[in-house]
Amino acid sequence: MRVTFWGVRGSVPWATAASIGVGCNTPCVAVRDERTGAQLVLDAGSGLVGLGQELAGGASGAVPVLLTHYHWDHTQGLPFFAPLYTRGLRTEIWAPRLGAIDAARVETMFQSPFYPVPYAHLPSRPVLRCWSGLEVDIGVFRIRAHRLRHPGGALAYRLRGAGGDFVYATDHELGDAVHDAAFAGFVRGARAVVLDAHFTPAELPAHRGWGHSSWRQCAEFALAGNIGELWLFHHKPGRTDAEMAGIEVEASAIFPNTRAAREGVSFEV
Ligand SMILES: [Zn+2]
Ligand SMILES: [Zn+2]
């Protein structure tokens, strides 16, 4: 499968000239099964807007969007997703049941006064699939989930690929021994892992309980586990391209096969 980053930034798509090289859109990752051409979209942050433009320009059929949780940075691109306004494309929103979330709650994103086009009036209204548990099959994709340590909850996903597994684990706070051990078990042996590296080690002490990790925690976690490559993700808004390059060097000194996720970059699993 081919994994492409469309949004790599956490919290808010604050664009600055100094950080635009890495990219300023919030989380959205496209996964494509190259044998069948099937697509899966992970998260619906502002990065979804660019992906939607590309999809609306050519593809047809189903476009499943699998959400990790409902914080704005993971859902704010949804009303602006071009396939919702394009006949011939059928968007499926795969919404995990976290707490009291249900289909009606997802529809509120489109309600006045928040948005001018009510959900029921969308030209290509998406199908909402609320699901529970820790396993879900979406078309050709076999997906296992893991509960992350994040306010309100969030899910990590592990997808089986031809050359190994891909793990997408954003919005997670490492540093709790019990959670870390369970998470290490979930990630073990994966070919490529995307991890939440929102903070620097210096920023971390003032942000305990915020549900995010530091790049150092990610690198040390990768070193301890049996994984192929680490992708630092959910970068703090405003973190500059130069700072990200420095973080990449420092993290690679701990776990050599480390890269910072950047918009437009893709890799094979
Ligand atoms: Zn987030
Ligand atoms: Zn979150």
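1. In helix 4, the buried residues are Trp-215, Gln-217, Cys-218, Ala-219, Phe-221 and Ala-222. They pack against strand 11, strand 12, strand 13 and helix 5. Note that the model is a predicted one.

2. Helix 4 covers residues 215–224 and helix 5 covers residues 241–254; their axes come within 8 Å and cross at roughly 30 degrees. Helix 4 and helix 5 are therefore roughly parallel to each other, since angles under 35 degrees count as such. The crossing of these two helices is right-handed.

3. Which residues make this contact? From helix 4 come Trp-215, Arg-216, Cys-218, Ala-219, Glu-220 and Leu-223, and from helix 5 come Ile-247, Ala-251 and Ile-254. Of the residues in the contact of helix 4 with helix 5, seven are nonpolar, two are charged and none is polar. Trp-215, Cys-218 and Ala-219 are also listed among the buried residues of helix 4.

4. Strands of a sheet pair through backbone hydrogen bonds, either parallel or antiparallel. Strand 11 (residues 192–196) and strand 12 (residues 229–233) run parallel and are joined by five bridges. Within this pair, Leu-195 stands opposite Leu-232 in strand 12.

5. There is also an open sheet of seven strands with the order 6-5-4-3-2-1-14, again with mixed pairing. Its edge strands are strand 6 (127–131) and strand 14 (266–268), and each pairs on one side only. Neighbouring strands here are turned by 20 degrees against each other on average, direction ignored.

6. Strand 1 (residues 2–7) pairs with strand 14 in the antiparallel sense over three bridges. The bridge partner of Thr-4 in strand 14 is Ser-266. Strand 1 also pairs with strand 2 in the antiparallel sense, over five bridges. Here Gly-7 stands opposite Cys-28 in strand 2.

7. Is strand 2 largely enclosed or open? Four of its five residues are buried, so strand 2 is largely enclosed by the rest of the structure. Strand 2 and strand 3 pair in the antiparallel sense over four bridges, and the bridge partner of Val-29 in strand 3 is Leu-42. The hairpin of strand 2 and strand 3 has six residues between the strands, and in this hairpin Gly-37 takes a positive phi near 80 degrees.

8. Last, a helix on this sheet. Helix 1 (residues 47–56) lies across strand 1, strand 2 (28–32), strand 3 (39–42), strand 4 (61–66) and strand 5 (89–96). Helix 1 runs at about 125 degrees to strand 1.

Notes
Residues numbered from 1 in each chain as written. Chains lettered and ligands numbered in written order. Predicted model: local features only at pLDDT ≥ 70, side-chain atom pairs only at ≥ 80, totals over all residues. Axes fitted to C-alpha atoms, helices over the stretch in contact; angles between N-to-C directions. Parallel < 35°, antiparallel > 145°, perpendicular 65-115°, else oblique. Left-handed = near helix turned anticlockwise from the far one by under 90°. Contact = placed C-beta atoms within 7 Å. Nonpolar A, V, L, I, M, F, W, Y, C, P; charged D, E, K, R; others polar. Pairing = 2+ DSSP bridges. Buried ≥ 20, exposed ≤ 12 C-beta atoms within 10 Å, placed from the backbone.
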